[in-house]
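Please look over the fold below. A short report on selected features follows it.

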Amino acid sequence: MSRVFSACKVFMAAAKTEAKAATRPSSGGLLKPVPVSPVMRKFVGVSEISRVDAVKKIWEHIKSNNLQDPLNRRQILCDEKLKTIFGGKDKVGMLEIAKLISPHFIKVS
């Protein structure tokens with residue numbers, strides 16, 4: 001009987017360390033603020049922003065100005081402000097947004 005409980009303690013200890021590792025905040029990747037291009041800086045209003053926050057700001061702009069195509073909600077109808085960061089495109093698919101804003105993030109060594 002003691003072998004069973006000791007094995008459970010080992011598994012529970014491993015689960016606790018995995019849970020702690022999963023809850024640690026990430027300091028890099030998509031959540032790390034990085035410098036942006038002058039065009040993106042003008043759009044978001046700050047010189048450094050994370051990719052996630054930039055996408056949030058873009059979606060805030062899209063929602064507040066009602067720029068989704070009413071017939072196909074996955075299409076974004078770009079106004080002049082969005083055209084500046086999306087390379088002058090009139091329409092953009094929602095899955096294209098991350099690809100189109102990627103050049104605006106300056107890589108830091």
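## The model

This is a predicted model. Residues are numbered from 1 along each chain as its sequence is written.

## Helix α3

α3 runs over residues 51–64. Its 14 residues should span 20 Å at 1.5 Å a residue.

A54, I58, H61 and I62 of α3 are buried. They cover an arc of only 100 degrees around the axis, which puts them on the same side of α3. An α-helix has 3.6 residues a turn, so residues three or four places apart point the same way. The buried residues of α3 pack against several elements: α2, β2 (48–49), β3, α4 (80–85) and α5. The other side of α3 carries E60, K63 and S64, which are exposed.

What stands out about the backbone at N66? Its phi is positive, about 50 degrees, although N66 is not a glycine. Most residues other than glycine have a negative phi.

Is N66 buried or exposed? N66 has a relative accessibility of 61%. The cut-off for exposed is over 50%, so N66 counts as exposed.

S37 lies in the loop between β1 (34–35) and α2 (38–44). The relative accessible area of S37 is 12%. Buried means under 20%, so S37 is buried. Which residues does S37 touch, leaving aside its neighbours within four places in sequence? S37 is in contact with H104 and I106.

V108 belongs to the segment after α5 (97–101). V108 is exposed, at a relative accessible area of 60%. V108 and V34 are 74 residues apart in sequence. In space, the C-alpha atoms of V108 and V34 are 7.5 Å apart.

## Rings and charges

How many aromatic pairs does the structure hold? The count is zero. A ring does take part in another arrangement, with a charge. The charged end of K81 sits over the ring of F43. The distance from that charged end to the centre of the F43 ring is 5.2 Å.

Notes:
This is a predicted model: local features need pLDDT of at least 70, side-chain atom pairs count only at pLDDT 80 or more; totals for chains, interfaces and linings use all residues. Side-chain values use heavy atoms; hydrogens and water are left out. Helices (H or I, at least four residues) and strands (E, at least two) are DSSP runs, numbered from the N terminus. Buried means under 20% relative accessible area, exposed over 50%, partly exposed in between (1.4 Å probe, protein chains only). Contact means heavy atoms within 4.5 Å. Rings of Phe, Tyr and Trp (its six-membered ring) pair if their centres lie within 6.5 Å; planes under 30 degrees apart count as stacked, over 60 as edge-to-face and the rest as tilted. A charge sits over a ring if NZ of Lys or CZ of Arg is within 6 Å of the ring centre and within 35 degrees of the ring normal. The expected span of a helix is 1.5 Å times one less than its number of residues. The arc is that of the directions from the helix axis to the C-beta atoms.
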